[in-house]
Amino acid sequence: MANLKEIRNRITSVSSTMQITSAMKMVSAAKLKKAQDAITAMRPYAEKLTELLQNLSATLEGEVGGDYTNQREVKKVLLVAITSNRGLCGAFNTNVIKEIKNITEKYQGVQVDVLAIGKKGNDVLKKTHSIVENQSAIFDNLTFENAANVASLLTDKFVAGEYDRIELVYNQFKNAATQIVKAEQFLPLAPIEKGTAVAGDYIFEPSKEEIVMTLIPKSLKTQLYKAIRDSFAAEHGARMTAMHKATDNATELRNQLKLTYNKARQAAITGEILEIVGGAEALNG
């Protein structure tokens with residue numbers, strides 16, 4: 001059994017760790033509230049924009065979408081890996097990295113590159129994949145304008161023919177304890193079924209075609225921004241949950257160490273008493 005000084009040092013160390021994890025949990029909880037409000041407020045807008053685009057496109061004759069709907073033979077794929085810049089958030093980053101590797105295996109014989117949004121994903125994936133861009137700095141100032149710049153970069157690469165398909169891989173925020181790994185196609189736009197439009201008495205100014213071609217780039221920028229916002233909220237939820245579990249584990253370990261310390265202390269006291277009694281008996285004898 002370890003001596004009393006060693007046990008006291010371990011209790012002090014575990015208590016310090018517990019204070020750190022508890023503080024990190026509270027910080028993440030505060031950030032989560034803000035991030036959750038942001039993504040909750042944005043989702044209805046993003047969904048309505050997509051619905052409006054689909055309804056308009058479905059009422060048009062012929063092909064709509066221009067270069068954004070160009071279905072080419074898939075020879076080059078770009079995966080956008082959205083992770084975090086910091087760790088200590090459980091399996092948050094690992095799940096995205098695993099999904100990236102699974103998708104890569106699916107594209108046998110196809111060149112697969114990665115655009116990293118998040119330092120953790122970039123640090124791991126650069127060992128096994130070709131990283132064409134690292135846009136991790138977007139988390140330093142997460143705004144729609146910065147996300148739109150990245151979306152424009154992606155659309156330019158697709159329109160120029162550098163890639164035949166672009167997919168987003170990220171954690172979708174469900175609640176503080178649950179994050180869902182999503183892999184969704186960014187480009188080309190999925191074909192829209194004709195006849196699915198919702199009837200309405202509208203006057204379009206300018207024409208429907210011009211409205212659709214204006215909405216498509218805006219919809220793509222919104223889609224990427226929503227994915228990054230989702231991931232940002234999911235990151236804080238994952239970190240809060242991880243730090244909560246770490247604090248509980250540290251509390252349990254500290255209690256066990258205190259129990260071990262008390263037992264060792266009682267054993268030491270009992271041993272000293274037995275030595276004193278034994279010495280007194282020896283003198284009397």
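What follows is a conversation about reading the predicted model shown above.

Trainee: What should I keep in mind before I start?

Mentor: This is a predicted model, so local features need pLDDT of at least 70 and side-chain atom pairs count only at pLDDT 80 or more, while totals for chains, interfaces and linings use all residues. Residues are numbered from 1 along each chain as its sequence is written, and side-chain values use heavy atoms, with hydrogens and water left out.

Trainee: How many helices and strands does the protein have?

Mentor: Helices (H or I, at least four residues) and strands (E, at least two) are DSSP runs, numbered from the N terminus. Here you get five helices and five strands. Reading from the N terminus, the order is α-β-α-β-α-β-α-β-β-α.

Trainee: And what does the radius of gyration say about the protein?

Mentor: That radius is taken over C-alpha atoms, and the globule rule to hold it against is 2.2 Å times the number of residues to the power 0.38. For 285 residues the rule gives 19 Å, but the protein comes to 29 Å, well over that, so it is more spread out than a compact globule. Along the principal axes, the C-alpha atoms fill a box of roughly 115 × 45 × 30 Å.

Trainee: Now the sheet. In what order do the strands sit?

Mentor: Two strands pair if DSSP finds at least two bridges between them. The five strands make an open sheet with mixed pairing, in the order β3-β2-β1-β4-β5. β3 (130-134) and β5 (178-187) are at the edges with a single partner strand each, so one side of each has no neighbour in the sheet. From one strand to the next, the twist averages 25 degrees.

Trainee: How do I read the pairing of β1 with β4?

Mentor: Look at residues 76-82 for β1 and 165-175 for β4: they pair in the parallel sense over five bridges. Val77 stands opposite Arg165 in β4. β4 and β5, in contrast, run antiparallel and are joined by nine bridges, with a hairpin of two residues leading from β4 to β5. Across that pair, Ile166 is opposite Leu187 in β5.

Trainee: Where do the side chains of a strand point?

Mentor: In a regular strand they alternate between the two faces of the sheet.

Trainee: What is the largest nonpolar core made of?

Mentor: A nonpolar core is a set of buried Ala, Val, Leu, Ile, Met, Phe, Trp, Tyr and Cys residues joined through side-chain atoms within 4.5 Å. Buried means under 20% relative accessible area, exposed over 50%, and partly exposed in between (1.4 Å probe, protein chains only). The largest core has 44 residues, and Ile117, Ile166, Phe186 and Ile228 touch the most other members. Two or more residues come from each of α1, β1, β2, α4 (144-159), β4, β5 and α5, with α5 giving the most, 13 residues. Another core, of twelve residues, lies apart from it and includes Val96, Ile103, Val112 and Val169. Across the protein, 38% of the 285 residues are buried.

Trainee: What does Phe186 touch?

Mentor: Contact means heavy atoms within 4.5 Å. Leaving out residues up to four places away in sequence, Phe186 touches several residues, including Ala151, Leu154, Ile166, Leu220 and Leu224.

Trainee: How many salt bridges are there, and by what rule?

Mentor: The rule is a side-chain nitrogen of Lys or Arg within 4 Å of a carboxyl oxygen of Asp or Glu. By that rule there are six. One of them joins Asp230 and Arg43 at 2.6 Å, N to O. This pair links distant parts of the chain, with Asp230 in helix α5 and Arg43 in helix α1 (residues 4-58), 187 residues apart. Asp230 is buried at 0% relative accessible area, whereas Arg43 is partly exposed at 22%.

Trainee: What about Glu235 and Arg239?

Mentor: Their side chains form a salt bridge at 3.0 Å, N to O. They are four residues apart in helix α5, so about one helical turn separates them. Glu235 and Arg239 are both buried.

Trainee: Which residues are joined into one network?

Mentor: Arg43, Lys226 and Asp230, through salt bridges that share partners. Lys226 is in helix α5 and is buried, at 15% relative accessible area. Setting aside neighbours within four places in sequence, Lys226 contacts Ile39, Met42, Arg43, Ala46 and Tyr170.

Methods
Axes are lines fitted to C-alpha atoms, for helices over the stretch in contact, and angles run from 0 to 180 degrees between N-to-C directions.
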